[in-house]
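Here is a short tour for anyone who likes to know how each term was computed. Please keep the sequence and the 3D view open while you read.

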Amino acid sequence: MNHKSFVFFDCECANTFDGVGKICSLGYVITDDEFNVIESEDVVMNPECDFDWYLFSGKGECKLAYSKDYFRVKPNFESYYKDIKKLFTTGNRYIAGFAVGNDVAFVNSACERYELPYMQFAALDLESLFSQHYGEHKKLKEWAEYFGVNLEKFQTHKSVDDAMMTMLCLKKFCKETGTPIEEVFTGHKDKFVNSEQMLIQQEERAYRREMTEKIKRLFNKKCPKPAHKNLMGNYYEFDGKLMKDVDTAFELVKHIYNCGGVVVEHLTQKGTVIFLDEIPSVAAERAKKRGLETCSVDEIYNK
């Protein structure tokens with residue numbers, strides 16, 4: 001007897017301030033290998049935080065399915081923890097979502113916020129699967145339209161509806177390609193995202209944020225007693241690529257500060273734009289139009 005089941009899930013967050021998503025709903029759909037729905041639910045919870053004003057502004061497509069008051073009267077994530085963990089860790093179960101890396105990271109963040117053990121699970125990212133197979137990128141709603149899903153039944157950004165649309169898209173994909181659902185999962189191991197991967201990425205993002213803050217704290221600062229004066233009176237701006245290499249940027253901003261120079265976020269007068277390595281001709285021309293010079297990181301150190 002085949003006891004395999006398939007879980008499609010989606011999360012909505014009250015906000016993602018500081019790069020941390022605070023879940024306010026987790027919707028899921030469980031099916032068998034013929035896409036018969038066994039169970040579905042929208043687990044609505046109190047995020048115990050402020051809601052991003054944008055979600056209730058009426059601007060754009062991102063609007064939550066319930067009112068703030070409705071979320072506030074619900075239990076928090078900790079109250080649902082055991083049931084959600086069971087949903088993701090029950091044996092012989094396959095899990096999928098659309099752009100699911102975000103959702104896995106949100107679950108990790110919720111566990112961390114409430115000091116609960118992380119849930120160890122992996123999920124197939126259908127956004128990545130569809131994009132690779134068809135050679136184009138679309139949002140979930142656009143894929144649903146492509147596959148002929150009746151969108152009148154669903155409300156975008158209602159977690160359980162997004163989970164249902166995700167499931168129906170895969171159902172259409174399986175029919176179109178003649179691939180049984182289990183083979184889609186077993187044949188695309190490279191499209192899985194697991195909770196450990198997301199934890200590593202979260203740690204890396206947190207590190208980059210911390211380092212970026214340290215770098216910016218030295219912006220517009222002039223050392224009162226520089227150890228060296230070979231960059232005295234010079235003003236610098238870091239190129240975007242350099243700013244992404246936070247370790248290099250941090251060491252460089254300290255070096256310039258200690259040599260009497262000043263780094264600013266955006267030059268409004270004469271100065272030099274520093275690039276991580278080679279200077280693209282387009283970027284050099286753009287800097288020239290602004291009346292600025294250009295140089296690489298190595299050239300600064302060589303001075």
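## Ground rules

Two strands count as paired if DSSP finds at least two bridges between them. Helices (H or I, at least four residues) and strands (E, at least two) are DSSP runs, numbered from the N terminus. The model is predicted, so to speak a calculated one: local features need pLDDT of at least 70, side-chain atom pairs count only at pLDDT 80 or more, and totals for chains, interfaces and linings use all residues.

Let's begin with the open sheet whose 4 strands follow the order S8-S7-S9-S10, with parallel pairing. S8 and strand S10 (293-296) stand at its edges with a single partner strand each, so one side of each has no neighbour in the sheet. On average, neighbouring strands of this sheet are turned by 35 degrees against each other, direction ignored. Axes here are lines fitted to C-alpha atoms, for helices over the stretch in contact, and angles run from 0 to 180 degrees between N-to-C directions. Helix H10 (residues 246-258) packs on the sheet and touches S7, S8 and S9, and its direction makes about 175 degrees with that of S7. Contact means heavy atoms within 4.5 Å.

Strand S7 (residues 235-238) pairs with strand S8 (residues 262-264) in the parallel sense over 3 bridges. S7 is also joined by 3 bridges to strand S9 (residues 272-275), and these two run parallel.

## The six-strand sheet

A second open sheet to look at has 6 strands in the order S3-S2-S1-S4-S5-S6, with mixed pairing. At the edges are strand S3 (37-44) and strand S6 (192-194), each with a single partner strand, so one side of each is left without a neighbour in the sheet. Neighbouring strands of this sheet are turned by 25 degrees against each other on average, direction ignored. Strands of a sheet pair through backbone hydrogen bonds, either parallel or antiparallel.

Within this sheet, strand S4 (residues 93-97) and strand S5 (residues 122-125) are parallel partners over 2 bridges, and glycine 97 has aspartate 125 as its bridge partner in S5. Helix H4 (residues 126-134) lies across strand S1 (5-13), S4 and S5, at about 30 degrees to S5. Helix H6 (residues 159-177) lies across S1, strand S2 (23-31), S3 and S4, and runs at about 35 degrees to S2.

## A pocket and a cavity

Both kinds of space come from a 1 Å grid over the protein atoms alone: a cavity is a set of points where a 1.4 Å probe fits but cannot get out, a pocket is an open set with protein on both sides within 12 Å along at least five of seven lines, and lining residues have an atom within 4 Å of a point. Grid points are joined across faces, edges and corners, and a volume is the space filled by probe spheres set on the points.

The second largest pocket has a volume of about 300 Å³. Its lining holds 20 residues, with Gly19, Val20, Ser109, Gln202 and Arg205 nearest the centre. Helix H3 (100-113) and helix H8 (195-217) are the elements that give two or more residues to this lining, and H8 gives the most, with 8 residues. By class, the lining of the second largest pocket has 7 nonpolar, 8 polar and 5 charged residues; Ala, Val, Leu, Ile, Met, Phe, Trp, Tyr, Cys and Pro count as nonpolar, Asp, Glu, Lys and Arg as charged, and the others, Gly among them, as polar. There is 1 cavity of 30 Å³ or more by this rule. The largest cavity is lined by Ile23, Met45, Asn46, Pro47, Phe77, Ala110, Arg113 and Tyr114.

## Single residues worth a look

Phenylalanine 35 has a positive phi of about 65 degrees although it is not a glycine. Phenylalanine 35 sits in the loop between S2 and S3 and is buried, with a relative accessible area of 10%. Buried means under 20% relative accessible area, exposed over 50%, and partly exposed in between (1.4 Å probe, protein chains only). Asparagine 92, in the loop between helix H2 (77-89) and S4, also has a positive phi, near 60 degrees, and counts as partly exposed at 43% relative accessibility.

Is aspartate 298 buried or exposed? Aspartate 298 is exposed, with a relative accessible area of 53%, and belongs to helix H12 (residues 297-302).

Conventions:
Residues numbered from 1 in each chain as written. Heavy atoms only, no water.
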